[in-house]
Amino acid sequence: MAIRVNPSRLKTPTKAIFALTPTAKSRIKELMEEHDGAIGIRVGTKAGGCNGLRYHMEYIKSVPAGDDVVKCEDITIAVEPKALLAVVGTEMDYVSDPLRSEFVFRNPNATGQCGCGESFSI
């Protein structure tokens, strides 16, 4: 009896847990310099906003137990376990223009987002 393997299943791409654009990396590095001992950021979600969930970020000096870790050059990104399914595949960018400077999240899991971009739903 021969066993057949579907080659397309062997090459299934996987989603990155979390990614940073070059501008986001640069801005986070600048901000980390202001926070002595910071090795990176922790990303999570909290209930709130007009769409149900909002992103939460904080600087970390060590990775909390149980967090998933993404290394992006010399930046450590820790993702809270309860937020993992909501943010998997998300890309964080930093945009700056004469009217605003902010981090922007491009989340493929979001089914809705408020007009200001502060909250999302899945």
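**Entry 1: alanine 38 and its setting**

I began with alanine 38, which, leaving aside its neighbours within four places in sequence, is in contact (heavy atoms within 4.5 Å) with Met32, Tyr59, Ile60 and Lys61. This is a predicted model, in which local features need pLDDT of at least 70 and side-chain atom pairs count only at pLDDT 80 or more, while totals for chains, interfaces and linings use all residues. Residues are numbered from 1 along each chain as its sequence is written, and side-chain values use heavy atoms, with hydrogens and water left out.

I placed alanine 38 in the loop between α2 and β2 (40–47); helices (H or I, at least four residues) and strands (E, at least two) are DSSP runs, numbered from the N terminus. Alanine 38 counts as buried because its relative accessibility is 17%, where buried means under 20% relative accessible area, exposed over 50% and partly exposed in between, with a 1.4 Å probe and protein chains only. I also looked up the C-alpha separation of alanine 38 and glutamate 58, which is 9.8 Å for two residues 20 apart along the chain.

**Entry 2: the chain as a whole**

I counted three helices and nine strands in the protein chain. Of its 122 residues, 33% count as buried, and among contacts between residues at least 6 apart in sequence, 54% join residues at least 24 apart.

**Entry 3: the sheet with β1, β6 and β7**

I then followed an open sheet of three strands, with the order β1-β6-β7 and mixed pairing, where two strands pair if DSSP finds at least two bridges between them. Its edge strands are β1 (18–20) and β7, each of which pairs on one side only. Helix α2 (residues 22–33) packs on this sheet, touching β1, β6 and β7, and its direction makes about 75° with that of β6; axes are lines fitted to C-alpha atoms, for helices over the stretch in contact, and angles run from 0 to 180 degrees between N-to-C directions.

I found β1 and β6 paired in the parallel sense over three bridges, with alanine 19 opposite glutamate 91 in β6. Strands β6 (residues 90–97) and β7 (residues 100–106) instead pair in the antiparallel sense, over seven bridges; a hairpin joins them through two residues, and methionine 92 has phenylalanine 105 in β7 as its bridge partner.

**Entry 4: strand β5**

Why is strand β5 (residues 75–79) largely enclosed by the rest of the structure? I noted that five of its five residues are buried, so the rest of the structure largely encloses it. In a regular strand the side chains alternate between the two faces of the sheet. In β5, Ile75, Ile77 and Val79 point one way and Thr76 and Ala78 the other way, and all are buried.

For its partners, I found β2 and β5 parallel over four bridges, with valine 43 paired to valine 79, whereas β4 and β5 run antiparallel and are joined by five bridges. Threonine 76 is buried, with a relative accessible area of 4%, and, not counting residues up to four places away in sequence, it touches several residues, including Ile39, Val63 and Val69.

**Entry 5: charged pairs**

Side chains of opposite charge can pair when their charged atoms come close. My search of the whole structure gave 11 salt bridges, each being a side-chain nitrogen of Lys or Arg within 4 Å of a carboxyl oxygen of Asp or Glu.

Lysine 29 forms one with glutamate 73, the closest N and O atoms being 3.2 Å apart; this pair links distant parts of the chain, with lysine 29 in helix α2 and glutamate 73 in the loop between β4 and β5, 44 residues apart. Lysine 29 counts as partly exposed at 29% relative accessibility, and glutamate 73 as exposed at 55%.

Arginine 42 forms a salt bridge with glutamate 58, with the closest N and O atoms 3.8 Å apart. Arginine 42 lies in strand β2 and glutamate 58 in strand β3 (residues 53–60), so the pair ties together parts that are 16 residues apart in sequence.

Aspartate 93 forms a salt bridge with arginine 106, the closest N and O atoms being 2.9 Å apart. Since aspartate 93 lies in strand β6 and arginine 106 in strand β7, this pair ties together parts that are 13 residues apart in sequence.
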